[in-house]
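Student: Please take a close look at one helix and its surroundings. Then set that part against the chain as a whole.

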Amino acid sequence: MAFPAALRPLSVTPGLRDDAGLGCAPIGNLFARVPDADAVATVDAALAHGVWYFDTAPLYGDGESERKLGLALRGVPRDEVVIATKVGRQLLDAEGAPVTGGASGASSVADLSRDGVWRSLEGSLARLGTDRVDVLHLHDPLDVEAGMAGAMTALVELREQGVVRAISVGLGRLEPLERFTAEAPLDVIMEAGRLTLLDRTAEERLMDLAASRGIGVIAAGVFNSGILADPDAAPYFEYRQADDALLERARRLQALCGEHGVKLADAAVRFPLRRGADAVVVGARTPAEVDAFVAGLAAEVPEELWFALESA
């Protein structure tokens, strides 16, 4: 599989990956503070591996992920990378007032209005240090009616004006994502955590719908917050401690992988591509984590293991 044409760099050079992007929530201080130098090194590692798709959002560190990504990409030819960010939230300062310009904030609130989308993108562009983004996702719009009436209007306007190349909706809940996929004029969708070895509901309910409308699918949350990377070291599912039943299932999957000499994390990265996703986005906060997920994409997974995993 590969990123849809609308999501590829404007200037293509040999050796680029077309199936994976770097998720930049971790460098936005998710779970742990990441110094600027480490964030830059992580992005540099992705570029060295031929990864050119970078996914960020104002929500990630209340603007810090965007700022650090912009810092890391300074000096990189703009047409050789694809920058995706998100709208649908308004950053607030420490006093609870809306953040203006390209500053980072202290918190955020949902804002699915047309004007809110324009303001949000203006701040994102300033933090990223660019005059455009390639992909603009509407971020977790659980209120579908408000998203359709306000935010989606702005997304279409921005695409028509060339400020963004492609528009999308990113969600971890299927019901609203199905509505947007069926009714909105999208180029792509990003599903989070619903096309994994532990949760395959997107396969049953979303993939055919997206294909029928010519909408690309990017898979995020492939580790379900950690449990599919290592159920013992990171026993989390959907950002919470996993219950005993989920841990037992994950350990069984890990044991099956071990019987075939394959890491569970490598199978988890590959699984969405096998089930119809165009590409996967994997978060990392260190160069070593980038090395690991890129290696996982190249790992040999025998058919008998896929059969065992899909039957487990």
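Tutor: Start with helix 9, where the buried residues are L264, A265, D266, A267, A268, V269, F271, P272 and L273. Buried means under 20% relative accessible area, exposed means over 50%, and partly exposed lies in between (1.4 Å probe, protein chains only). Helices (H or I, at least four residues) and strands (E, at least two) are DSSP runs, numbered from the N terminus. This is a predicted model: local features need pLDDT of at least 70, side-chain atom pairs count only at pLDDT 80 or more, and totals for chains, interfaces and linings use all residues. Residues are numbered from 1 along each chain as its sequence is written, and side-chain values use heavy atoms, with hydrogens and water left out.

Helix 9 spans residues 264-274 and is mostly covered, with 9 of its 11 residues buried. Its buried residues pack against several elements. Among the helices are helix 6 (201-205), helix 8 (244-259), helix 10 (287-298) and helix 11 (303-311). Strand 9 (216-220) and strand 12 (279-283) also pack against them. Contact here means heavy atoms within 4.5 Å. After helix 9 comes G276, with a positive phi near 110°.

The buried residues of helix 3 include V117, L121, L125, R127 and L128. Their cover includes helix 2 (64-73), helix 4 (144-160) and strand 6 (133-139). Just after helix 3, G129 has a positive phi of about 70°.

R132 sits in the loop between helix 3 and strand 6. It counts as buried because its relative accessibility is 18%. R132 touches L10, R78, D79, L125 and V163, leaving aside residues up to four places away in sequence.

Now the whole chain. It has 11 helices and 12 strands. Of its 312 residues, 54% count as buried. Among contacts with a separation of 6 or more, 72% join residues 24 or more positions apart. The C-alpha atoms fill a box of roughly 55 × 45 × 40 Å along the principal axes.
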